[in-house]
Amino acid sequence: MNILVTGASRGIGKEIALSLEGNILATSRNEGALRIYHNFCVCDLTRDLDKLGRYIQENKIDVLINNAGDYIYSPIEDVDYDKIERIVKTNLEAPLYLISKAVPYMKQNRWGRIINIGSISGVMGEACASIYSASKAGLIGATKALALELAEFGITVNTINPGWVETEMGNKSAEDSEFSKDEIIDCIPQKRFITPKEIAGMVKYLISDDAKGVTGQSINLCAGLSVGY
Ligand code: NDP
């Protein structure tokens, strides 16, 4: 099984890539970090998408995991166009483009799994993260539409929405916010950050045959954050 993981250089993507069984194809901007994999493609999702598109077509991808993501914490009036473009390209445009390149082979094979890593911020909204929230909400819309479009071909499409996760991005966004990490933890019903391993476990399940009936879903993996305080 050929599995492409975007953002495999660190954090959640690295955990996913290292925990799955199959032929892992990894991508990110950081060649040094990708050398732990046998097969990788260095690509900036805001720039050289054609290169990654060709890599997908050449490698007959059975499972596409759109994990790479970028975040900014900023009041809307301080966001310039370049930042909007960077976040939307990385979090929404690139996943859609990569799906478009992966689907022809999946359709032909009448089997496929597309798993997007969204965010609870795309479900609930996050103050001072409107661009990020919008990009992640877009993934949920695309997931529902694609699940309908691809159901008859044995392809499932789902989005996992993590809450706060113990990674570089999770810790940096906590630092950038006006709250301390302890104050953030206090607002999470389970009083903890999610681990990358828990996200990888959900990915593993969504790939498995047990999950063949799960499609078009937006799955909140957030230690209870989405249901109230
Ligand atoms: P990290 O910042 O630790 O890792 C982000 C990954 O995305 C890196 O591998 C990075 O690769 C890659 N990436 C970012 N921008 C680009 C780009 N322009 N081109 C190519 N690759 C890029 O984040 P996490 O592991 O925490 O996040 C993974 C996913 O989970 C993201 O989609 C994020 O939005 C989501 N998420 C994370 C949460 C958290 O609290 N951590 C909460 C909710 C959702 P490199 O820099 O090597 O190019």
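Me: OK, so helices here are DSSP runs of H or I with at least four residues, numbered from the N terminus. Which helices each supply at least two residues of the shell around the ligand?

Reply: Those are helix H1 (11–19), helix H6 (130–150) and helix H7 (168–176). Keep in mind that this is a predicted model.

Me: Which one gives the most to that shell?

Reply: H7 does, with three residues.

Me: And how many residues are around the ligand, and which come nearest?

Reply: There are 30 residues around the ligand, and the nearest ones are Ser 9, Arg 29, Asn 67, Tyr 132 and Thr 167.

Me: What does Thr 167 do at the ligand, in terms of distance?

Reply: Thr 167 has a polar side-chain atom 2.5 Å from an oxygen atom of the ligand.

Me: How much of the ligand does the protein bury?

Reply: The protein buries 95% of the 890 Å² that the ligand exposes when taken alone.

Me: Let's zoom out. How many helices and strands does the protein have?

Reply: It comes to nine helices and seven strands. The protein has a radius of gyration of 17 Å, close to the 17 Å that the globule rule gives for 229 residues, so it is as compact as a globular protein of that length.

Me: What does the C-alpha trace span?

Reply: Along the principal axes of the protein, the trace spans about 50 × 35 × 30 Å. The accessible surface of the protein is about 10900 Å², and 51% of that belongs to carbon and sulfur atoms.

Me: What share of the residues is buried?

Reply: Buried residues account for 49% of the 229. As for how the chain meets itself, take contacts between residues at least 6 apart in sequence: 66% of them join residues at least 24 apart.

Me: Can we look at single residues now? Where is Leu 20 found?

Reply: Leu 20 is in the loop between H1 and strand E2 (23–28).

Me: Is Leu 20 buried or exposed?

Reply: Leu 20 has a relative accessible area of 10%, and buried means under 20%, so Leu 20 counts as buried.

Me: What is Leu 20 in contact with, leaving aside neighbours within four places in sequence?

Reply: Its partners are Ile 3, Ile 65, Val 203, Lys 204 and Ile 207. Ile 207 is 187 residues away from Leu 20 along the chain, yet their C-alpha atoms are separated by 9.6 Å.

Me: Next up, Ser 119. Where is Ser 119 found?

Reply: Ser 119 is in the loop between strand E5 (112–117) and helix H5 (121–124). Ser 119 is buried, with a relative accessible area of 5%. A polar atom of the Ser 119 side chain lies 2.9 Å from the backbone nitrogen of Ser 121.

Me: What does Ser 119 touch, not counting residues up to four places away in sequence?

Reply: On that count, Ser 119 touches Tyr 132, Lys 136, Ile 160, Asn 161 and Pro 162.

Me: What about Asn 66, where is its place?

Reply: Asn 66 is in strand E4, and it is buried at a relative accessible area of 3%. Leaving aside neighbours within four places in sequence, its contacts include Thr 6, Pro 95, Ile 115 and Ile 117.

Me: Last one: where is the place of Tyr 205, and what does it touch?

Reply: Tyr 205 is in helix H9 (residues 196–207). Not counting residues up to four places away in sequence, Tyr 205 touches Asp 210, Ala 211 and Val 214. At 35% relative accessibility, Tyr 205 counts as partly exposed.

How values were computed:
Residues are numbered from 1 along each chain as its sequence is written. This is a predicted model: local features need pLDDT of at least 70, side-chain atom pairs count only at pLDDT 80 or more; totals for chains, interfaces and linings use all residues. Side-chain values use heavy atoms; hydrogens and water are left out. A residue is near a molecule or strand if one of its heavy atoms lies within 4 Å of it. A polar contact is a pair of N or O atoms within 3.5 Å; within protein, one must be able to donate a hydrogen and the other to accept it, and residues adjacent in sequence count only if both atoms are side-chain atoms. Accessible areas come from the Shrake-Rupley method with a 1.4 Å probe; for residues, only the protein chains shown count as cover. The radius of gyration is taken over C-alpha atoms; the globule rule is 2.2 Å times the number of residues to the power 0.38. Buried means under 20% relative accessible area, exposed over 50%, partly exposed in between (1.4 Å probe, protein chains only). Contact means heavy atoms within 4.5 Å.
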